[in-house]
Amino acid sequence: MTVEVSVQDSKGGGPVEEARRPLPPARKKASAAERYVPAAISILMVGLVFGGVIYAVTSAEQWPRIARQFFDLNAMAISFPKVLAGFWLNIQVWVVCLFGIMAWGLVLALFRSLSGPWFAPLRVFTVVYIDLFRGLPVLLLVLIFGFGIPALNLPGLPNSALFWGATAMIISYAAYSAEIFRSGIEAVHDGQWAASRALGLSQWQTMRFAILPQAIRNVVPVLLNLAVALQKDVALLSVIGVRDAVREAQIYTAQTFNYSSLIAAALLFLVATIPLARLTDYIARKDRKRRLQGVL
Amino acid sequence: MTDRCISISGVTKYYGNVLVLDDVDLDVGRHEVVCLIGASGSGKSTLLRCINGLTEFDHGTISLDGVSIEDPSWGRNGIYRRIGIVFQSYNLFPHMSVMENITLAPIQVHGVPASEAMAKGRELLDAFGMGRFANAYPEQLSGGQQQRVAIVRALATHPQVLLLDEVTAALDPELVGEVLAVIRRLKAEGMTMVIVTHEMGFARDVADRVCFLDGGRILEQGPPKALFSAPENPRTQKFLQRIIEAGRL
C-alpha cells in the first residue's frame, strides 16, 4: 500500500493521491499522570530526605543554642557588609587567578606537546613541574608562599600575602589546567596535523591555526568545572591573613562568639557558584550535541 | 616519458620490522596520470606519502624535476608548495570556513596578501562549482562537497603535482561521481597526478598508466587497457578477479 503511494508520488501524483498518503504519527501525548507523577515523586523524595535531616538537626537538644550561634539573622545582617566586601576581594582574586591559570597552563601544555630533540629540556621541565605541583596540596603551597616568600624581602617584588597567595594558586592550578589543555590537544585528529604539514605550515603555525582552536573548544566544559572549583578554593587565602569573605567572617566570630557570619559567607559562595555550575552543565550539554552532530 | 617529473628509485621503507616498501622504482612524466592499485596494506598509500615527504623512507631517492626531495635547497616548504595532497578523510579544518580553509596556506605560508588570496580562492571555488559555499563550514557540506573543497585547498598553492589518497573511499556511492569529475577535469588541464584508488573503473578511465602493488613492490604496470584486460602477473590476475567478483570493475 505505502509502496504504491510512493510510486505515484514520484510521478507527481495529484492531491487525490496526496490525501491517501498516511499521515505522520501524531506526537505521543503524555497523560497527566505520566507527566506529573514522576515530578511529584522527585519533589517528595528530595523533601523527605532534606526534611528528615532538618528535623533530626532541629530536634536535637542543643539546637536552640546552635540556632542562636549560627543562624542569628541579626548577627548575619551586622556582619554582612564586611563579609560582602571580603567576598568582592574573593571574586577579584578569582578572576585574576583564572586568567593566570589559563595562560600559564596553556604555555605548559604547549611546552609539553612540542616535538623535536631541541625542545626536550622544556618537555622535561613541564613533566617535573606538573608532577610536583599536582602532588602538593594547594593549602600547603598557599602557606609556604604566603608566609615564606614575603619574609625573604625579594627586591623588586611585592611583599603582600595576597600577591604570593594568589601566585601559589596560579602555580598549583596551572598544573591541572595544563593537563586539561594537553588532553584537548591530543584529542584533535592526527589527520589535522598531516593536512597542515602537507600545506607547508610550521609546527607553531599548525598549533596556532589548526590544533589549538579545536583543542580549546574541546575542553571548555572541563575548564569551566575547574573555574567553579577555583571559585571556592580562593577562600584558602584566608589562612595567610588575606581579608576575604571567610577571614572577615572569622574576625566577626572572634569578636562576638557568634558564627552566623560564616553562614552568611557560605550563602555568598553558593550564590556565586551555583549559577556557574548550571552554566557549565548547559555548555557541556551543547558541546555534546555539537559532537554528536559531527558524528552523524 | 622524456620529461620526467617525479623519479622514485630504490625506495625502501620499514615500519618497525615490517617491510612496507620494497625497492620501489617509478617515474612519473609531466602531465601523466598514474594510478596505484592493490589490496589494503600493499604499500600504495605509504608510497604516496613518501613522495611529498609526509612519511620518511629508509633507503632510495625520490626526486622532483631531478632534485631529491630531501635536498636542502628546497627550503622548508618547497616540496609542499610543489606537491599537493588530498586525503581520504578530507582533513578540512572544521573550525574554519571554506574560504579560510583554502586561503590559510597561501596567506600564512606563502605570504600572499589576504585580499589577493581570497580573490584567487573565489576564482578556484567558482571554477569547481563551489562558489556559493565560500562562507560555509565543513560540517554543513556533504562528503563530496568537502572533498572538492579539499582538492581546491590543495590547488590553492599551485602545485605541479597532485597526490590523491583514496579520495573517494569515504564517500557515499552517489557522491563519488562529483569528485571523480573534478579529477577528470584536472587531467584535461594537464595536471600531473598520482592517484591511489579502489575505483577500478575510474582508474581505467583516467589513468595513463596503472601500477599494481603487492607486498610493497610494483608487480606490474602498464596502460590501463592492457593491465585490466590481460594482466600478466598471476597475483594481478587474482586481485582483478576478486575485484570483478565484487562487482567493482
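Two residues are in contact here if their C-beta atoms, placed from the backbone, lie within 7 Å. By that criterion, the contact between the chains takes 16 residues from chain A and 17 residues from chain B. This is a predicted model, in which local features need pLDDT of at least 70 and side-chain atom pairs count only at pLDDT 80 or more, while totals for chains, interfaces and linings use all residues. Residues are numbered from 1 along each chain as its sequence is written, and chains are lettered from A in the order in which they are written.

**The side of chain A that touches chain B**
- Helices α9 (190-198) and α10 (203-233) of chain A each supply at least two residues of this side, helices being DSSP runs (H or I, at least four residues) and strands likewise (E, at least two), numbered from the N terminus.
- By class, this side of chain A has 8 nonpolar, 6 polar and 2 charged residues, where Ala, Val, Leu, Ile, Met, Phe, Trp, Tyr, Cys and Pro count as nonpolar, Asp, Glu, Lys and Arg as charged, and the others, Gly among them, as polar.

**Helix packing in chain A**
- Helix α5 (residues 73-113) of chain A packs against helix α8 (residues 161-187) of chain A at an angle of about 45 degrees, with their axes 6 Å apart; axes are lines fitted to C-alpha atoms, for helices over the stretch in contact, and angles run from 0 to 180 degrees between N-to-C directions.
- The contact of α5(A) with α8(A) has 17 nonpolar, 4 polar and 2 charged residues.

**Chain B as a whole**
- Chain B has 9 helices and 10 strands.
- Along its principal axes, the C-alpha trace of chain B spans about 55 × 45 × 35 Å.
- Of the 249 residues of chain B, 43% count as buried, a residue being buried if 20 or more other C-beta atoms lie within 10 Å of its own, exposed if 12 or fewer, and partly exposed in between.
- Among contacts in chain B between residues at least 6 apart in sequence, 65% join residues at least 24 apart.

**Helices α3 and α5 of chain B**
- The buried residues of helix α3 (residues 98-108) of chain B include V98(B), N101(B) and I102(B), and the buried residues of α3(B) pack against α10 of chain A together with α4 (114-127) and α5 (143-155) of chain B.
- A150(B) is found in helix α5 of chain B, and A150(B) counts as buried because 26 C-beta neighbours lie inside 10 Å.
- Leaving aside its neighbours within four places in sequence, A150(B) is in contact with V86(B), Y90(B), N91(B) and L92(B).
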